[in-house]
Amino acid sequence: MDVVLVFIQKAIAQGIGILFGATGEIITEKSGNLNLGIPGIMYMGGISGLMGAFFYENSSSNPNAFIGFLISLVCALIFSALGSLIYSFLTITLRANQNVVGLALTTFGIGFGNFFGGSISKLAGGVGQISVAVTASAYRAKIPVLCEIPVIGDLLFSYGFLTYFAIVLSICIGIFLKKSRIGLNLHAVGEDPSTADSVGINVSKYKYVSTILGGAISGLGGLYFVMEYLGGTWTNNGFGNRGWLAIALVIFSLWKPINAILGSILFGGLYVVYAYIPGLSRGGQELIKMLPYLVTIIVLIITSARSKKENQPPASLGKYYFREER
C-alpha cells in the first residue's frame, strides 16, 4: 500500500509540470498556431522565476517567503509571455515558418536557462550551490490540518500551491473554451479564420492573445519544476523531455484541458514507473520512458480512424491566414 501511495504521489508530482505546458499549448493551438517552442518557454519560466527569487533573497537581510513567491511568479510569467510574444510576431505578423520558429525558440530557451543557471551558480559560490529555499517554502507549503489525515492527507492534500492551481486552471479553461463567447470565437478562429473574420472576429488579436497567454501558462510548468518539485534549485538540462511530453499530452487529451489532468498523471506515472520495475537495464529504462509517446501515437491513430470532429485538431492548425485572400 505504501509503495502504491508513493507511486501515485510521484506520478502527480511529475505530471503537474507537463499539465501546465499542455494547458498552455491547448490554448495556443485552439487559435490555429502550433508552438513547438513550449519546451524552451518552460525553461525560460523556470530560470526567470529562480533568478527573481535569488536576487530578492540575496538583497534582503530577512527575506519574506510570500514576497519571494510573488516576485518569482511575476518574473516567470513575464519572461514566458515575452518568449511567446516573439514567436507570435514572427509567425503571425511576419508569417515565418511556425515549426522553424518554434524549434528555434526551444533551442534559445534551453540555452537561456542553462546560461543564466550557470551564471547564478557562480554568483552563489559554485556549481550546484543555487538555492532559494525561503521562496520555495511558500510554493511547497501543504494544506494545513488536511495534510495530516492518514493516507488521504498524503494522497490529496500534501502538495504545493502550483499543483492545485494547475488542476483548477485546467478545469476553468476547459469550461471557458466550451461555454464562453470568447472561447467559441477562439474555436472559430482555429477552425476557419476566414469565416471568423467575415463575421467581425479579429483573427490576429485572438491568435496573439491566445499564444501569449498559452506561453505564460506553459512557463509556469518550468516554475513548478524548479520551485515546488526541486525545492528552489536549478540543474542545467534538468527538465529532460517534459516539454515535449506536454506537446504530446495535447494530442493525447484531444485538445481538451480537462482531459489533460488525468492524462498528465498517467504520463507522470509512465515517466517514473521504470524506478518501480526491478532489474531494468539503462536501455530498458529509456524504453519505458518512451511509453507516453507510444500511447499518444495509439490515441492519435484511433481518433483519426473514427473521424469524430470534436476529437480532431483545429482545422487551420499550423496554417497561415492571409486576409487579402479571404
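## Where α3 meets α5

On the α3 side, A65, G68, F69, S72 and L73 touch V134, T135, S137, A138 and Y139 of α5. This is a predicted model, so treat the contacts here as features of that prediction. Helix α5 covers residues 133-140, and its axis sits 8 Å from that of α3, at an angle of about 85°. That angle falls between 65 and 115 degrees, so α3 counts as roughly perpendicular to α5. Sort the contact residues by class and you get six nonpolar and four polar ones, with no charged residues.

## α3 against α10

Helix α3 (residues 65-93) also packs on helix α10 (residues 203-229). Here the axes come within 7 Å and cross at roughly 140°, which makes the two helices oblique to each other. The crossing of α3 past α10 is right-handed.

What kinds of residues make up this contact? There are 14 nonpolar, nine polar and one charged.

## α1 against α10

Helix α10 has another partner in α1: their axes come within 6 Å and cross at roughly 170°. An angle over 145 degrees counts as roughly antiparallel, so that is the label for α1 and α10.

Quite a few residues take part. From α1 they include I12, I16, F20 and I27, plus G17, G21 and G24. From α10 they include L213, I217, L220 and Y224, along with G214, G215 and G221. By class, the contact of α1 with α10 holds ten nonpolar residues, twelve polar and one charged. E25 of α1 is among the residues in this contact too.

## An aromatic link from α1

F20 turns up again when you look at rings. The structure as a whole has 18 aromatic pairs, and F20 with F165 is one of them: the ring centres are 6.3 Å apart and the planes meet at 35°, so the pair is tilted. F20 belongs to α1 (residues 2-30) and F165 to α7 (residues 161-179), so the pair ties together parts 145 residues apart in sequence.

Residues 208-227 are 100% helix and 0% strand, with the end C-alpha atoms 29 Å apart. For residues 287-305, the chain is 95% helix and 0% strand, and the end C-alpha atoms lie 27 Å apart.

Definitions and conventions: Residues numbered from 1 in each chain as written. Predicted model: local features only at pLDDT ≥ 70, side-chain atom pairs only at ≥ 80, totals over all residues. Heavy atoms only, no water. Axes fitted to C-alpha atoms, helices over the stretch in contact; angles between N-to-C directions. Helix = DSSP H or I, 4+ residues; strand = E, 2+ residues; numbered from the N terminus. Parallel < 35°, antiparallel > 145°, perpendicular 65-115°, else oblique. Left-handed = near helix turned anticlockwise from the far one by under 90°. Nonpolar A, V, L, I, M, F, W, Y, C, P; charged D, E, K, R; others polar. Contact = heavy atoms within 4.5 Å. Phe/Tyr/Trp six-rings, centres within 6.5 Å; stacked < 30°, edge-to-face > 60°.
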